[in-house]
Amino acid sequence: MGQFFIIHPENPQSRLIKQAAKIIQDGGVIVYPTDSAYALGCQLANKDALERIRQIRKLDEKHNFTLVCRDLSELSTYAVVDNSAFRLLKAHTPGPYTFLLKATKEVPRRLLHPKRNTIGLRVPAGLIVQALLEELNEPLMSVTLALPGQEHPFADPHDVYEALGNQVDLVIDGGPCGMTQTTIVDLVDGTPNILRIGKGDTKAFV
C-alpha cells in the first residue's frame, strides 16, 4: 500500500511536502488536492509513472494531459502564448481552469495530443499544490482523479486510499475537495473555445 499524508491546507508542513516531492522525484505516482478536485500526478519526464496513470484512468493515446505549473512564467516555458492568450491567462490564474495550448519543444512528445501537438496547462490555487510545485521546481504531469464509469471525481481522500492505495505511492489528505472538474478552454487558435464547463466563471471566454 502507498503512504497517506495528512497535510494542512492552509499551513502545509514543510517536512511532508519535502517527502511528497521526493516520492515524485523517485518515480512515484501521487494523489493530491487542487482547487477543483483531487488529481493524479507524477514527474514530467517519468515515462513509467505516466503509464501507471494511463492504466489507473484507462486513458488512450489521444488524451490531453495537463502540466500543473507554479505561475505564468513557468507556463510560458511549455506553451506558445500570444498576447491575447496571455491577457486571458493572467486574468484567470491561479484558478480552476485548464488551458489547451500549442506545446513548445520542452514538453515530452508522449504527453502531447498526437495530431494537434497540444498540451493542457493549469496554474491552480491552493497552498498544498503550490508548496509541492515550489519544492519540485518543475511542473507536475497531472490528470483529474475520476475513474472509468465514475460520474464525479473523488472528494474524500479516505475513499481514494481505499480504492487506489495499492496502485499509487502516496495519497495526500488536504481535506475534502470538490467534485467539479476544471473548466477547459482551448486557446490554440487565439480565440477562446470552451471545451468543458466546470468550476470557474466562463463569462470572459464567451
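This note walks through the sheet, the pocket and a few individual residues of the model above.

1. A word on the basis. This is a predicted model, in which local features need pLDDT of at least 70, side-chain atom pairs count only at pLDDT 80 or more, and totals for chains, interfaces and linings use all residues. Residues are numbered from 1 along each chain as its sequence is written, and side-chain values use heavy atoms, with hydrogens and water left out.

2. The order 1-8-2-3-7-4-6-5-9-10 describes an open sheet of 10 strands with mixed pairing. Strands (E, at least two residues) and helices (H or I, at least four) are DSSP runs numbered from the N terminus, and two strands pair if DSSP finds at least two bridges between them. Strand 1 (3-6) and strand 10 (193-196) are at the edges with a single partner strand each, so one side of each has no neighbour in the sheet. On average, neighbouring strands are turned by 35° against each other, direction ignored. Axes here are lines fitted to C-alpha atoms, for helices over the stretch in contact, and angles run from 0 to 180 degrees between N-to-C directions.

3. Strand 9 (residues 183-186) runs antiparallel to strand 10, and three bridges join them. Asp186 sits opposite Asn193 of strand 10.

4. A helix on the sheet. Helix 2 (residues 47-57) packs on the sheet and touches strand 3 (38-43) and strand 7 (140-144), with its direction at about 155° to that of strand 3. Contact means heavy atoms within 4.5 Å.

5. Strand 6, worth a look. Five of the five residues of strand 6 are buried, where buried means under 20% relative accessible area, exposed over 50% and partly exposed in between (1.4 Å probe, protein chains only). Thr118, Gly120 and Arg122 lie on one side, Ile119 and Leu121 on the other, and both faces are covered. Strand 6 pairs with strand 4 in the parallel sense over three bridges, and Val68 stands opposite Arg122. With strand 5 the pairing is antiparallel, over four bridges, and there Leu101 is opposite Ile119.

6. The largest pocket. Its space is about 340 Å³. A pocket is an open set of points on a 1 Å grid over the protein atoms alone, where a 1.4 Å probe fits, with protein on both sides within 12 Å along at least five of seven lines; lining residues have an atom within 4 Å of a point. Of the 25 lining residues, Asn64, Thr66, Thr144, Ile184 and Arg196 are the closest to its centre. Strand 7 gives the most to this lining, with three residues.

7. Glu74 and Asn137. Glu74, in helix 3 (residues 72-78), counts as buried at 9% relative accessibility. Leaving out residues up to four places away in sequence, Glu74 touches Cys69, Asn137, Glu138 and Pro139. Asn137 lies in the loop between helix 5 (127-136) and strand 7, is exposed with a relative accessible area of 53%, and has phi near 60°, a positive value in a residue other than glycine.

8. Backbone points to check by eye. The peptide bond from Thr93 to Pro94 is cis, with omega near -5°; Pro94 belongs to the loop between helix 4 (83-92) and strand 5. Asn117, in the loop between strand 5 and strand 6, has a positive phi near 55° and is partly exposed at 29% relative accessibility.

Methods. Points joined across faces, edges and corners; volume = space filled by probe spheres on them.
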